[in-house]
Amino acid sequence: MALYNDGVGMAPSDLDHEEWEMIQDIKVLLPGFEKHRGNLIPILQSIQEKHSYLASTAMEMVATHLSITPSEVFGVATFYNQFRFHPPGKHQIKVCLGTACHVAGGDIILENFERKLGIKDGETTPDREYSVERVACVGCCALAPVAVVDENVQGHMQPSKVEGLFVQFQIEREREEREKAEREASE
Amino acid sequence: MSKLELRERFASIQRESERRNEEKNKESIPTIFIVMSTCGLASGATETKQAFEEALSEKSIKARIVPVGCLGHCYAEPLVIIDHPTAGFPPICYYQINADRARILVRSYLEGGDPVLKYVLGAMEENDLIPAVMDFPRFSLEQRLVMEHCGHIDPNDIYQYVAKGGYSGLVKALEAEPEEVIDLVEKSGLRGRGGAGFPTGRKWRIARATEIDDKFVICNGDEGDPGAYMDRTILESNPHQLLEGLAICAYAVGANRSIAYVRAEYPLAVKALQKAIKSAEELSLLGPSILGTSFNFEVSVFQGSGAFVCGEETALIQSIEGKRGMPQHRPPFPVEKGLWGRPTVVNNVKTLSSVPSIILRGPEWFRTIGTEHSPGTAIFSVVGNVKHPGLVEIAMGTSLRTLIFDVCGGIPKKKEFKAVQIGGPSGGCLPSSFLDTPIDFDSLTQAGAMMGSGGMVVMDEDSCMVDVSRYFLDFTQKESCGKCTFCRIGTNHLLNILDRITKGEGREKDLELLETLSKDIKDGSLCGLGKTAPNPVLTSLKYFREEYEAHINEKRCPALKCRTLIAYYIDLEKCARGCEVCVGCCPVDAIFTTKGRKKAIDQELCVKCGECRSVCPPEYDAVFKVSPPELAPIIERPPEEKKESKKSAV
């Protein structure tokens, strides 16, 4: 089952390097922002934009910079849908559950992704290849039901298209591995 | 600074815009306009553009490619308009142009002069050769005022907006006294397009009257309704019109600072707006002493982090202040005490975008459109079961029937209209008996729905109203900020009750409970979210009560939608021997072969996704859906078959 769905909890030890990088980055980033409460959300946004999630140490650093308590930063960050607290998978799958997609059976599509990967919405597979989340509306209602896979909008989704996407991923992965092996062999 | 100087400075910008226009016309090479807004990109406009570029360079044809904003015709994306001045045809609008078709167009039309009629949606001008798009109801019944230039200009080129008369409204406003500007807006009768319909002029007047100098203007672009995307389209397709409206508003109320609050989920809109601000500043249409006057005005963009409740003005202000976006008590209203304690005018994107043309063409002109109490136009994103979904701008007072059946082409696949949901999670579902309701603030509220921000979902006979209510409650329950107990806990209870009804576990007293609980939530909540959250439940209970009763009493979903209450089965009479189509598509291997080499569904494994039904060849049409599930005939899976399927799964 998924490892990183524990909300604001500390990241597991294998992420330490990533977290360390994030901390180094924030040290550079923070002085650029005035110590003003109004900057809280923009700071969190720029951290997430670069690192795709917010580690708890990162939020503590932001709290110190703005002279507010870490709990206030956590409170704000958890209030908004944009922020995530665990690293997403290599392939991010977002299933739209806006009104039009719901009417067209978006929940069935989400269920298919969940079943295929063995994780629930908002989780990442243990190998960190895939993460699945539901989003409110991506605004492509005429293409419903819609899923956004790695920034590509897939319209008119069907359970069989879900299968097809994974076959594609599989082929890509195999090709990459093959190329890697060939490169290594030639070296 | 005299008025003359102001006009002279603006005239030089207009001359530059004309000069650029003439330069383009002089070249007389074809221009290819590609719709590159979010929905266009989702349908593959990037590939289309690339294909055009490649094909043009292969054939060494000189043509200009101009990315434009959205025309609102989502069903036809990717849309392309080709203006080929030497071919003898007017500019032609093509629909669903993928990469292959783009190459064909280059070869046949740009090279060969044949306009490839089968991809043509219509001509952009009246002519004798090709039917014009303006003759189609989807175009002719619309009345474009806010979205007038959307899709016709490059949003990144300020001169194109100026060429369409852009920023003339601002110049006219700057020539007048602020009070005169407010008078014009008040006379026009413009009402806030965010949903509540508060008179914009009155809001501005209150803000003007406050004595504090440091005021704010906020543009509310936190479009959180699932299924509504008109604000995004305006921001992406014509950001300058909004900036012009924003500047006029700031001048009228006496503000010098403004924040455009746009959802972070709209990266393209954020980028377009930021770019527009920069180019307007370069031409001194924004920034310090605009066009040499004493009016200073700066705009910054704040990216909203995704909370539905932040569409409420006090919550939105909290969010800009770096707090949790929780609504505050009113009074004091933001116009008296808003952002950082300063008087703040919060106006919706559509409201502000309506302002420039009101100033330019006058309030009398604005009043000729729409109804007496709701002048102007309304923009809806019409989605769901209609033939031509997309953004539609119509005059207020148009009936729902005209909008759904005439403009958007009605219900596809020969199905029956069942209901229309207006106003998103805060709105209501109206049945066919309300189709003649005119669309304006008051009539819709009276009918039990509301204008909302303009999301409209059309549903056919296959939609279950209980399920739709459950869907909206699921949304509002998640988005409740948690401040008021009735909203926080009440919506959760509503959701639990609806959940069990859709699962066939509804109880006799549930409907009464839904009604009393809904009333309590409405009474006990502070902001619009809680006050309107029960609307979908209340309206659907009012107009579709028998559906709720069927779920509770007969454990049956009349629309065959609620998955716990339905079953799929294969009619052995109709199933074709040896056909395997459904077997391959079943995601859970629930379909097996019977003794007669026909197919049957293992009800224990079936997840009711309906894929088998959609792939079954129409000549057999053997898969059926029934409710309650007991109606499906039970066919035992042969034991050896079970083993086999396990083996193959390993």
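# A walk through chain B

Helices (H or I, at least four residues) and strands (E, at least two) are DSSP runs, numbered from the N terminus. A residue is buried if 20 or more other C-beta atoms lie within 10 Å of its own, exposed if 12 or fewer, and partly exposed in between, with C-beta atoms placed from the backbone. This is a predicted model, in which local features need pLDDT of at least 70 and side-chain atom pairs count only at pLDDT 80 or more, while totals for chains, interfaces and linings use all residues. Residues are numbered from 1 along each chain as its sequence is written, and chains are lettered from A and ligands numbered from 1 in the order in which they are written.

Helix H9 itself spans residues 200–209 of chain B, and its buried residues are Thr200(B), Gly201(B), Lys203(B), Trp204(B) and Ala207(B). Seen down the axis of H9(B), these residues fall within an arc of 160°, so they line one face of the helix. The arc is that of the directions from the helix axis to the C-beta atoms.

Now take the chain as a whole. Chain B has 26 helices and 18 strands, and 53% of its 650 residues count as buried. Its C-alpha atoms fill a box of roughly 95 × 70 × 45 Å, taken along the principal axes. For 650 residues, a compact globule would have a radius of gyration near 26 Å, and the 28 Å of chain B agrees with this. That radius is taken over C-alpha atoms, and the globule rule is 2.2 Å times the number of residues to the power 0.38. Two residues are in contact if their C-beta atoms, placed from the backbone, lie within 7 Å. Of the contacts in chain B with a separation of 6 or more, 73% are between residues 24 or more positions apart.

Which residues of helix H1 meet helix H7 in chain B? Lys3(B), Leu6(B), Arg7(B) and Phe10(B) in H1(B) meet Val171(B), Leu174(B) and Glu175(B) in H7(B). By class, this contact has four nonpolar, no polar and three charged residues. Ala, Val, Leu, Ile, Met, Phe, Trp, Tyr, Cys and Pro count as nonpolar, Asp, Glu, Lys and Arg as charged, and the others, Gly among them, as polar. The axes of H1 (residues 3–27) and H7 (residues 168–175) come within 10 Å and cross at roughly 170°. Axes are lines fitted to C-alpha atoms, for helices over the stretch in contact, and angles run from 0 to 180 degrees between N-to-C directions. H1(B) and H7(B) are therefore roughly antiparallel to each other, a label for angles over 145 degrees.

Some loops hold backbone details. The peptide bond from Arg330(B) to Pro331(B) is cis, with omega near -5°, and Pro331(B) is in the loop between H13 and E9 of chain B. Gln96(B), a residue other than glycine, has a positive phi near 45°. With 16 C-beta neighbours inside 10 Å, Gln96(B) counts as partly exposed.

Finally, 38 residues of chain B are in contact with 35 residues of chain A. On the chain B side there are 18 nonpolar, 15 polar and five charged residues.

Notes: Angles under 35 degrees count as roughly parallel, over 145 as roughly antiparallel, 65 to 115 as roughly perpendicular and the rest as oblique.
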